[in-house]
Amino acid sequence: MATSGTIVMPGERIASIEEVAKTKRVILGPGLRRVDDTVVASKAGPLRHKEPNTFWVDNYQRRYVPARGDLVLGIVRSKAGDLYRVDIGAPETASISYLAFESATKKNRPDLNPGDLIYARVLNASADIEPELVCVNSNGKRGKLGVLPDGFFFKCSLNLGRVLLRENCPILAAITRQLPYEIAVGVNGRIWVKAHSLRETVALAKAILALEQAGYAETDKVCDNLGDYLEA
Amino acid sequence: MNLPVKVAVAKDQLRRMHCEFNPLSRCDGSVMYSQGASVVISAVLGPVEVKSQNLSIDGSYLECNYRPKAGLPQVKERLREAAIKDILDLTVLSEAYPRSKMSIQVQELEDRGSMDACAVNSACLAMLIGGLPLKCSFAAVHCIIDEQGDYVLDPDHSETAHQRASFTFAFDSMEGNLLLIQTKGAFKIEQFNDIECLCRSASQEIFKFYRSQIAKFHGASQDIKANHESMETI
Amino acid sequence: MPSKSKPKLSRGVLDMKFMQRTKAKVDKETADEQSRALYSNEINEKMLNSNSNYIVEPSYSICAGLIDGRLSFRGMNPEIEQLMEQEQTEKQRLKKPEQPKEVSDQDMAKTYYANKAPALTSSMGKKFSTKKDLKRKQNGDSDNHPHKNHHKAQFRKPRPDDD
């Protein structure tokens, strides 16, 4: 489980990781970099550790930097030949081939228009190339990916997205007790929600955004007050 | 004017620092920072798309804008801008995001002395909260020699009227290397050395302030993790 | 220099039709040689033979073990909920792969032999029986031949009260 949480600042050498690395392999996540044989932080925030050997800095950030394997929400911006340009909040627009959808063929193109919201996986990401998305898994099945119709879309910090995506998130469970809903959370700090009525949907969005405003400590309170958001 | 009343601070102390994170909603990170009665807002964007004329394949393009309280930036503001950019060039890990741009905007709200140092420090806090990769953090300290020949650290506007010389030093957080020196007026080399030492030790206080502010900001978010873990063990 | 002492094929020979594969090989070798020469002053021994213990993983989702962000609750989107359930059962299965065995391996082997193996031995036994045996079986033992009153196993329609 992610523990510790000592604050590290950029440039700080992290001896505890170097200690671990002497005996076994260590995975350095975002916010950490290796300088020769030392490990140095490059971002400011609490240092996290997950057993057995993963370390990263859980810094506050709003700008998404694509990483391979991430699940993101994107807005289709335009069609460009065989590709769609998708805005995922990264420095560059991402691209998705029209063949990267379930049962798409050269003849049978997916019906995607500028402005559509898609939930996709980052297939390729590197600082030097444009990120590439897919909407199918390795078996060519859609799974949970694809276009998100209706609903309500909003942006938040990357941290809030990550808080919602931890296993057994108490926030989502608390909302479930209030009303049936579906949600898509991208690690790029974008959230899409949908409930039975428009009123409920907007209340849901407000409740989730309130978590960002309130600071995470007041999660329980916000969840309890969800009813108020619904009435408001 | 409802400026805070000038509190008598010892001449060898920094004025009170205060900061608030993310007062602006549309940028990637912003900070309102005050040092005594001098107040600035800094905002960062990055990494973002870059114009092709500024594009570099081995590092991101750095941009810095400084806006005075009123009117358009003049020579003085341009100089300040250049100073901040020079420091950023040395400390930002720009090779992490090639073909992109990192942009920082500093808006002066109230200039009551030590503006150069104030702007540099707010820029550092904005970079920290915006999650931009840095080789190290940085802090700047302003100091003057007044008419009696005394050193005044981080002077207020009112104290600078009859200064003999003024200095601004910027240091990095790790090795304490000098990143910037700005001097004005007449002084002896011993005085310069003394003031450098004085500023260097004061910069440690600023780094401590950075850390405590980041800890405070993340402190709230750590509670939930603690709660969450206790829930899981049940 | 080893490359000088090595005999080289002339261009005329390499341009011949049947030499195309050799030509590709030679081209690749020279290209490798050139690139090695080009970067040799930038690549040092450490870069070539260092085996670092650090692996860099830029994705938060993988580091923190985040779940998929597409979720549905209380029947809002049955399709998604079904997928979620599938994942859940998959995870449960991975969590405790060792279920206590109700029947021990030895018991299993015994029952298997009792049920299946006789059929197998008889069918294999046919291979080794002679024509004589077969004839004797057909003539003499036709009355109490096991196959006569032994129907071949097949599916039957379920009766309505079979529920």
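Ser42(B) sits opposite Val106(B), which belongs to strand S5(B). Strands here pair if DSSP finds at least two bridges between them. Helices (H or I, at least four residues) and strands (E, at least two) are DSSP runs, numbered from the N terminus.

S5(B) also pairs with strand S4 (residues 61–67) of chain B, this time in the parallel sense, over 7 bridges. One of the partners there is Gln107(B) in S5(B), which bridges to Arg67(B). To get from S4(B) to S5(B), the chain passes through helix H1 (residues 75–91) of chain B, and this β-α-β crossover is left-handed. For reference, a crossover is right-handed if, with the strands pointing away from the viewer, the path from the first strand over the helix to the second runs clockwise.

A quick word on the ground rules: this is a predicted model, where local features need pLDDT of at least 70 and side-chain atom pairs count only at pLDDT 80 or more, while totals for chains, interfaces and linings use all residues. Residues are numbered from 1 along each chain as its sequence is written, and chains are lettered from A and ligands numbered from 1 in the order in which they are written.

Here is how the two chains look overall. A residue is buried if 20 or more other C-beta atoms lie within 10 Å of its own, exposed if 12 or fewer, and partly exposed in between, with C-beta atoms placed from the backbone.

| Chain | Elements | Buried |
|---|---|---|
| Chain A | 6 helices, 15 strands | 45% of 232 residues |
| Chain B | 3 helices, 9 strands | 44% of 234 residues |

From the N terminus on, chain B's elements go β-β-β-β-α-β-α-β-β-β-β-α.

Over in chain A, an automatic or database domain assignment sets the bounds, giving domain 1 (3–57), domain 2 (71–147) and domain 3 (152–231). The centres of domain 2 and domain 3 of chain A, taken over C-alpha atoms, are 25 Å apart. Their contact takes 7 residues from domain 2 of chain A and 8 residues from domain 3 of chain A; two residues are in contact if their C-beta atoms, placed from the backbone, lie within 7 Å. On the domain 2 side, S7(A) gives the most, with 3 residues.
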